[in-house]
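These are my notebook entries on a structure that I went through site by site.

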Amino acid sequence: MEIKVLKNVLDRNNDQAEKNKALLRKHDLVMLNMISSPGAGKTTILEKTIPELLKTKNVGVIEGDAYTSKDAERLQKFDIPIVQINTEGTCHLDSSSVRSAFEQLDLAQLDVIFVENVGNLICPTGFDLGENIRIAVLSTTEGDDKPAKYPMLFRQAKAVVLNKVDLIPYIHFDKDGFFSDLHLLNPSVNTFEMSAFKETGVDEWINWLKAHIT
Ligand SMILES: Nc1nc2c(ncn2[C@@H]2O[C@H](COP(=O)(O)OP(=O)(O)OP(=O)(O)O)[C@@H](O)[C@H]2O)c(=O)[nH]1
Ligand SMILES: [Mg+2]
């Protein structure tokens, strides 16, 4: 019985995700779903990415957070449309909440939507939001073993950003081992080594994004 209920939840999510995809297609829009543990650097990466993209693109953001609007407030300085979804404790966004967020955005006026998912390496992976591109962010302080321990996200991701590389001299992080595990799971994944804080590796990431947002 419980298994059936769970299946219904996922089926419903997938049905709405298909509708979201159709809406994105209709408006020629690219949506990216950014997934990571809490604190890996998703909002900091957005803070470095958005001003560059704004030179040529119209950018919107859907912020997922369990309880606060803190990340949305950090991005307010860019004067772009931002919709906050508070999941009230739930550890991931779903396609229905993203559909509700679409209603608050003028989709016809946007080129790209970044979704910052709730910080979690497992829960968001089962929920297709209808995004075109799924991005995994991992920070070096979380450890090089995370692709092996949390393979779902790393298998699904079109790109993986390894953030906080500025901290590698102070911690034990086997970068070769990390990339070797990652490529075993996902041979075609695009990878970026970044310090969003020190602004290294950001240009490569932005060039890749621009190539995917036509
Ligand atoms: N040293 C270092 N610190 C970073 C880097 N990127 C982000 N941080 C710091 O890491 C902390 C968390 O960054 P956020 O951007 O808020 O992380 P997040 O993934 O958005 O966090 P949640 O939304 O809570 O899941 C902040 O104190 C950032 O300043 C980096 O490249 N290097
Ligand atoms: Mg954040």
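Entry 1, terms. I count as a polar contact a pair of N or O atoms within 3.5 Å; within protein, one of the two must be able to donate a hydrogen and the other to accept it. The model I am reading is a predicted one.

I located R134 in strand β5. For its polar partners I noted two. A polar atom of the R134 side chain lies 3.2 Å from the backbone oxygen of F127. The side chain of R134 also makes a polar contact of 2.6 Å with the side chain of Q156. Leaving aside residues up to four places away in sequence, I listed what R134 touches; among them are N33, I35, P124, L153 and A159.

Which residues coordinate ligand 2? I found T43 through OG1, D71 through OD and E116 through OE, at 2.1 Å. Along the chain these donors follow the spacing T-x27-D-x44-E. T43 belongs to helix α2 and E116 to strand β4, so this pair ties together parts that lie 73 residues apart in sequence. I recorded both T43 and E116 as buried.

I counted 20 residues surrounding ligand 1, and the closest are K42, T43, T44, R74 and D166. I looked next at contacts to its oxygen atoms. An N or O atom in the E116 side chain is 2.9 Å from an oxygen of ligand 1; E116 is also a donor to the magnesium ion. From K164, a polar side-chain atom comes to 3.1 Å of a ligand 1 oxygen. F197 contributes through its backbone, with an N or O atom 3.2 Å from an oxygen of ligand 1. Taken alone, ligand 1 exposes 650 Å², of which the protein buries 74%. The elements giving two or more residues to the shell are α2 and α3 (70–75). Of these I noted that α2 gives the most, with three residues.

In α7, residues 175–185, I found F178, F179 and L182 buried. Seen down the axis, the buried residues fall within an arc of 90°, so they line one face of the helix. The face turned away from that buried side carries the exposed residues D176 and L184. I asked what covers the buried residues of α7; the cover includes β5, α5 (146–149), α6 (151–156), β6 and β7. At the start of α7, a side-chain oxygen of D174 reaches to within 3.3 Å of the backbone nitrogen of D176.

Which residues of α8 (202–212) are buried? I listed V202, W205, I206, W208 and L209. They cover an arc of only 160° around the axis, which puts them on the same side of α8. As background, I noted that an α-helix has 3.6 residues a turn, so residues three or four places apart point the same way. On the other side of α8, D203 and A211 are exposed. The buried residues of α8 pack against β1 (30–36), α2 (42–53), β4 (112–116), β5 (133–139), β6 (159–163) and β7 (190–193).

Notes:
Residues numbered from 1 in each chain as written. Chains lettered and ligands numbered in written order. Predicted model: local features only at pLDDT ≥ 70, side-chain atom pairs only at ≥ 80, totals over all residues. Heavy atoms only, no water. Buried < 20%, exposed > 50% of the residue type's maximum accessible area, 1.4 Å probe, protein only. Helix = DSSP H or I, 4+ residues; strand = E, 2+ residues; numbered from the N terminus. Arc of directions from axis to C-beta. Contact = heavy atoms within 4.5 Å. Donors = N, O, S within 2.8 Å, 3.2 Å for Na, K, Ca; no water. Near = heavy atom within 4 Å. Areas by Shrake-Rupley, 256 points an atom, 1.4 Å probe, with all protein chains shown as cover.
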